[in-house]
Amino acid sequence: MCGIVAYMGSRQAAPLLLNGLRRLEYRGYDSAGMAVLNGGIDIRKDRGRIDDVNREHDFSSLKGTLGIAHTRWATHGEPSMKNAHPHTGCNGDIALVHNGIIENYKTLRELLESEGHVFSTDTDTEVLTHLIEKFYKGDFLGSVRKALMQIRGTYGIAVIHKGCNEVVVARNGSPLVIGVKRGEAFAASDASAILEHTKKMIYLDDGEVATLKPGGVVTVRNLFDKILEKNIEEIGWNLDQIEKGGFRHFMLKEIFEQPESIRNVMRGRLGKGIKLSINGELGDRKRVIIVACGSSWHSALIGRYLIESLSGVPAEVDYASEFRYREPLVGKDDLVIAISQSGETADTLAALKEAKRRGAKTLGVVNVVGSTIAREADMGVYIHAGPEIGVASTKAYTNQIIALLLIALDLAQKHGKKINQRLLSDMRKLPATLEHVLKEDKKIKAIADRVAEHGNFLYLGRGINYPTALEGALKLKEISYIHAEGYPAAEMKHGPIALIDENMPVVFIANKGKGYDKIVSNMEEVKARRGKIIAIATEGDNSIKSLSDWVIRVPRTADELSPVVNIIPLQLLAYYIADIKGLDVDKPRNLAKSVTVE
Ligand code: F6R
């Protein structure tokens, strides 16, 4: 949700900020803007994608070596030039960019207006600029600290003042990272924006504020002005991981990266048994509760299946947004697993904190290293998918499943269960299996060509592949805007069957294995009503052909791994349908990568 980037150094700021913004665009993309210090403060901003705003307003015409920039995902106030960040106060001395939501902005705005401040936007953010203006008496940092103390809500901010050669940044609930380099300093809501300049990062914690001063001098304080010692951490990501590398879209690149990302999540963790570098307390818990949102919630459903069937420990799954508000009966006997690609999802973070407050042990299953959930959880298992830039989750989703499988196996070991060596052997073969599935790419594109004009799709699966149906449907709807529903196949006859006719493509996850015969019966029922069937089926299963309009074949693997194998064709199907429709696959409308607001 919204991207922030800031620079203080000796180079021209605008080109650096523009590059940073482009890398952050996946976080939100309805407006963009930049402010550069140049005696006064020069600002360019507008509604639209970054490159469109740049074409119109030529960011590079802003001259100066200190600046801030923003790409927006609107919360308060429609996307428009006036609502685009940076925002200023009454006298134009301050420019500020913000990620997050200021909950008490109405009260503050009324108060400031009664004191004579004139507002020019519909945003919650603008109260901050007026507050800083109000408190400014020559001490810029002090005025920012005072203003932040009035705020209830979440923020990652970068702010400049025309009389001060420094950038002030702060965070509370919205990510903010500072990049350090000799003679220069950077800040961003996401390390990928500044990774091309430095890998050395300082992660701000909630309630911290930092100044970026000439010579690359960075000082971090708390809101009460106490200077804090912060570690500089070296980020392991590479630049080529955040570039398209010849692929048409990030999403396609990330789909094709899955053999490698699956290797990475298993690396060093899979021997004769499982080695997870988490302390031994996992095994003591009597129940596991998994909380997550969106695709991560789908991987959680698979995790529940894996944990219960492999370790015998009872497991539950909840939407993080529901868990946090439903007075959950959770306590010291429970292990609460929070799954999040970004590690910043507001609801998941709040659910994790609620679980901690109630005495549960918490475990983060996270992709982004150093993210808030990773740091907040008692224990963690990184999924090592590398940066995921496409808004629709692909490689993070499959890596989450494997991380959960590793946790399930670890729990099984701790409960003295014998580990199925065939499963481990199929896990080792999984990257090669996925490479094989990806070879179906052209065939899937041809199917996409035939079905792209339909307005509704149904996805059906059973058991461990019921979540695959949910995830397949989610992928299609979020990037192609086609209405799609996922169901447990047996539920079809309790309602959705009424929708079936020749205009309704139904995607069946129909691998050989548990529940196969039952899925075949459901396919018969669809066929009898002239529905169009796309079947994901096991190689060598020829009987399924007569029931299906199209068959996508995948190699046989352990049931536990089948959700990873089966989702690849469904990711490709969604991708090609969206691309055929000419849609912006990596930046679907209304969505943003990291949902840091409720
Ligand atoms: C769908 C998708 C979202 C995220 C959800 C949670 O493709 O990406 O549904 O899965 O917003 O995000 P994280 O995993 O970052 O907590």
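Student: Between which strand and which helix is the loop with histidine 384?
Tutor: This is a predicted model, where local features need pLDDT of at least 70, side-chain atom pairs count only at pLDDT 80 or more, and totals for chains, interfaces and linings use all residues. Residues are numbered from 1 along each chain as its sequence is written, and side-chain values use heavy atoms, leaving out hydrogens and water. Helices (H or I, at least four residues) and strands (E, at least two) are DSSP runs, numbered from the N terminus. Histidine 384's loop sits between strand E18 (379-382) and helix H12 (395-414).

Student: What is phi of histidine 384?
Tutor: Histidine 384 isn't a glycine, yet its phi is positive. The value is near 50 degrees.

Student: Which peptide bond is cis, with omega near 5 degrees?
Tutor: Look in the loop joining strand E4 (66-72) and strand E5 (94-99), where you'll find proline 86. The cis bond runs from histidine 85 to proline 86.

Student: Which two domains does the ligand lie between?
Tutor: Helix H8 (294-311) and helix H15 (466-480) each give the ligand's shell at least two residues. Domain bounds come from an automatic or database assignment. Two domains contribute to the shell, so the ligand lies between domain 2 (242-419) and domain 3 (438-585).

Student: How much of the ligand's accessible area does the protein cover?
Tutor: Start with polar contacts (pairs of N or O atoms within 3.5 Å): a ligand oxygen is 2.7 Å from a side-chain N or O of serine 342. A backbone N or O of serine 393 is 2.9 Å from a ligand oxygen, and for a polar side-chain atom of lysine 475 it's 3.0 Å. Of the 410 Å² the ligand has on its own (Shrake-Rupley, 1.4 Å probe), the protein covers 89%.

Notes:
Polar contact = N/O pair within 3.5 Å; in protein donor to acceptor, adjacent residues only side chain to side chain.
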